[in-house]
Amino acid sequence: MSSFIQAVGASIPQLDSDEKVTGRAQYIADLWRPGMLHAAIVQSPHAHARIRGYDLQAALALPGVRAIVTGDDLDAAHRMGAFIKDEPAFAKGKVRYVGEIVAAVAADTEAIARAAARLVRVDYEVLPAALDPELALQPGAPWVHDDAASYVKVFDAGTQGNVCSRTTLSEGDVAAAWAQCDVVVERRYQTQAQAHLSLEPCGALAEVDAQGRITLWSANQSVFRVQANVCESLGLPMTRLRCQTPRVGAGFGNKMEAHVQPVLVRLAMKARRTVRLILSREEDFETVRARHPFVIRMKTGAKRDGTLLAREVELVLDGGAYGDDSPGVLGYALLMNVGPYNIPNVHAHGQVAYTNKMRFGAFRGFGVPQVTFASEQQIDEIALQLGLDPIELRRRNLKTGNAPWFCGQQVASNGLTQCLAMVEHASGWQAARAARAQRAQGDKRIGYGVATSAHIGGLLASGAIVRMLEDGSVLLNTGAVDIGQGSNTVLTQICAEALKIAPEQVAIASPDTDGSPYNWGTTASRVTYVAGRSVVQAAAEVEKKIKQHASEMLECAVDDLELRAGGRVGVKGVPGRELPFAAVSGRAHWAAGGPIIGSHSWVFDQKTVDPKRAVATGLPFSQIGIFSFTALVVEVEVDILTGKVRVPRAWSAVDVGRAINPQLVTGQIEGAFVQGLGFALTEEMVWDGGKLANPTLMDYKIPTFAELPEVLKAYIVESHEPTGPFGAKSVGEIGMNAVAAAIANGVADAVGVRAERLPMSGERILQALLQPAGAAA
Amino acid sequence: MNLELQINGETARVEAGQHDTLLTVLRDQLQLQAAKRGCNQGVCGVCTVQVDGWPARACLSLAHGCAGAQVRTLEGLHHTPAMQALQRAFTEAGAFQCGFCTPGMLVAAEALLAREPAPDAAAVKAALSGNLCRCTGYLKIVEAVQAAAAALRQGASA
């Protein structure tokens with residue numbers, strides 16, 4: 001008999017470890033189907049142009065070319081968008097950014113498809129382009145969309161001209177509060193576009209069956225969002241498209257909404273053949289999406305004793321050519337701009353500008369790393385001006401216990417105080433700062449930076465189905481795509497724990513829109529919490545049915561029964577009186593009641609805005625989820641000859657509620673930290689006019705082994721969320737939120753330079769060092 | 001078939017143009033798909049294979065240039081004690097998330113352990129510095145390679 005080892009809290013390896021370490025894991029580019037054609041895309045060379053027509057003659061004449069789709073194959077009535085329905089499947093009528101997909105070719109080989117794509121002639125009428133978000137909002141700027149106001153929206157977006165959306169959130173009376181402040185800090189910050197750079201480029205494979213029903217595999221974060229986007233943009237009934245997933249070579253927001261799936265499905269429909277499309281790295285850089293560049297005007301005021309009193313923030317987000325997730329990022333960034341502090345008077349407002357650039361959308365942190373970069377530096381500046389220790393100032397203003405978040409939502413579990421104490425202690429904060437001058441060697445200066453942040457996980461709906469098979473083993477189906485972070489493992493552990501069986505007795509089904517319950521997606525730090533809760537509830541229904549059967553089989557009351565470790569149900573207090581699940585499930589299948597199936601679905605419904613506390617306009621989601629918290633300390637080394645910034649040591653603590661799998665949790669914290677390091681120091685997409693100048697890994701530098709700090713400590717704090725599955729909250733994004741901010745504070749501590757722009761490249765820091773003291777970088 | 005290659009200890013006859021890369025031949029003709037295509041420019045390292053025992057970028061290696069060399073992909077390295085120790089250590093340490101970079105990491109690390117039985121963290125970082133990972137933050141990979149090296153040394157002395 002297999003003995004039950006507690007599944008929750010165990011660092012079991014990822015379930016798909018064997019296939020990953022043997023190279024057998026199949027990603028989208030590893031899938032082959034009989035008779036499969038290969039596709040290549042044609043991209044726009046212009047930032048903004050009207051399409052007058054296409055000449056496909058030369059391309060179609062190439063032997064081996066089977067089909068070509070252009071905007072003429074699209075119906076202008078159909079557009080997609082999570083918040084604003086402004087985006088065609090691919091360019092229709094106009095191109096709106098360099099690199100936008102204007103046509104696609106299906107051919108016998110990838111080489112033929114690429115050769116044919118170069119022969120597609122598009123007749124463009126070039127239009128003036130809007131490339132800068134602030135200029136795009138000025139009167140007289142060229143409009144990216146001829147009539148954006150007419151698009152269908154799912155919320156009060158305020159769309160007009162190049163204003164994609166606008167949001168305002170207010171609490172208290174900011175205007176009156178400034179007069180009571182003894183110290184006020186005000187700056188303008190700018191953050192850069194960051195590429196997601198999942199090492200697997202985006203791709204998809206579509207197969208059309210004899211009835212015209214389509215099966216679509218793709219690199220994705222949600223088979224259900226793929227289905228919705230393709231059907232919405234092509235005007236297909238959702239029943240006609242089945243979406244599945246291979247293993248996914250990571251997603252950080254880039255694979256949540258559509259990339260090549262709509263154009264590929266249209267191409268497969270036209271070719272009536274199976275077609276696969278895999279983007280090159282450059283195409284992926286240019287056409288998919290990236291993190292929003294932010295312009296942040298922020299002002300923070302405090303009293304002499306360090307009490308924070310007022311905050312005003314204005315954001316301008318470069319949304320790029322299409323709305324995508326931009327309205328969500330704006331609203332969420334404004335909601336999170338205050339950070340985990342009690343500031344009674346806050347006015348937060350901002351706009352997303354349409355520009356003739358690629359889409360900017362969801363990326364780990366969803367706007368929080370940007371506003372935290374500004375906010376946490378202002379908190380530090382206030383501490384400095386008041387002569388207070390930065391951690392002490394934070395502690396005086398920290399949200400503790402159930403103190404509500406900005407705009408009023410109650411916080412049910414909060415381990416932030418513990419996070420901050422942990423990193424303060426682990427880093428030896430006081431002593432380290434006191435000794436930093438002595439630690440400076442040669443041209444190197446040492447500084448210490450701290451930052452805190454929060455994140456909300458729990459957005460939108462998820463279901464789970466738990467089925468007991470004839471032999472008593474269990475099949476779990478949630479529809480959640482494991483993008484590498486390990487949700488299959490975590491959800492299996494939750495299911496095993498709920499039924500007191502070993503994780504090996506649970507199999508997890510691969511997401512499939514035909515067979516899985518709805519799951520909005522692997523995004524917004526939500527799967528453990530949202531899908532996990534559904535798994536717990538579905539397992540509870542299975543438990544109830546097991547006990548109903550067992551009560552009849554053992555002739556006892558349901559309430560007298562208990563689940564026992566290893567897949568048995570027995571009479572409480574009577575060790576011998578028990579049944580294996582196989583016996584119960586066998587009876588259910590062949591004699592009475594029918595197979596045991598438990599299911600559950602739900603959606604988080606606690607309101608974000610309490611109208612008695614706050615005024616909100618244009619917030620695209622009314623209910624989001626529960627709060628996770630983080631505190632981070634970094635040791636920063638600045639070379640004053642080159643301006644180069646390095647992080648030799650870092651200590652990151654995250655309150656995750658409960659770690660279902662601690663090793664996967666620390667993996668998220670470490671991975672997010674290093675991604676934050678890239679955001680802080682090296683990563684920047686640069687445009688030359690409308691064209692991305694560095695769409696290659698040669699010219700776009702993500703962190704390597706060389707940038708890994710010598711010490712990187714991830715600490716788990718467990719505050720036990722009462723509504724979470726076994727107390728769990730979320731961890732996917734939060735580890736990224738405070739990284740750039742903490743490093744910026746460390747740079748200021750080391751050399752007195754305040755960073756107003758990201759990344760904090762050697763060049764920018766050096767230029768500030770060459771200016772008179774107090775210059776910003 | 002115009003080219004003979006030694007792949008994973010066997011002779012493979014393939015059809016390759018002068019410009020075809022080893023990666024294209026491995027993935028598209030021989031269905032050896034452990035090596036991935038990430039950047040096709042020699043930067044990310046997910047296509048790493050061993051050519052005569054040294055890590056090489058399959059995406060930058062012309063197939064014809066590999067004639068006469070011993071090419072090993074992850075599929076052909078499963079039997080080595082170092083690879084088995086690495087696979088076990090990567091699994092136990094959680095040294096991968098999405099796994100897309102893992103084959104290249106393992107192949108590069110195997111070549112390291114073949115030469116350096118006790119690499120310190122700096123040596124591991126240097127040897128793998130041409131392999132990018134966007135998920136793990138690298139720490140658990142360094143730990144896994146060192147754990148594998150330790151396990152191998154222990155096995156050798158036992």
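This is a predicted model: local features need pLDDT of at least 70, side-chain atom pairs count only at pLDDT 80 or more; totals for chains, interfaces and linings use all residues.

Analyst: Residues are numbered from 1 along each chain as its sequence is written, and chains are lettered from A and ligands numbered from 1 in the order in which they are written.

User: Into which domains is chain A divided?

Analyst: Domain bounds come from an automatic or database domain assignment. In chain A, domain 1 comprises 17–24 + 460–602, domain 2 comprises 31–127 + 200–249 + 255–287, and domain 3 comprises 290–458 + 609–770. Between the C-alpha centres of domain 1 and domain 3 of chain A there are 38 Å.

User: How many residues of domain 1 of chain A are in contact with domain 3 of chain A?

Analyst: Two residues are in contact if their C-beta atoms, placed from the backbone, lie within 7 Å. Here 18 residues of domain 1 of chain A contact 21 residues of domain 3 of chain A. On the domain 1 side, the elements giving two or more residues are α15 (487–499) and α16 (527–554) of chain A; helices are DSSP runs (H or I, at least four residues), numbered from the N terminus. α16(A) gives the most to that side, with 7 residues.

User: Which element of chain A gives the most to the side that touches chain B?

Analyst: In this interface, 41 residues of chain A are in contact with 38 residues of chain B. α1 (17–22) and α18 (662–681) of chain A each supply at least two residues of the chain A side, and α18(A) gives the most, with 8 residues.
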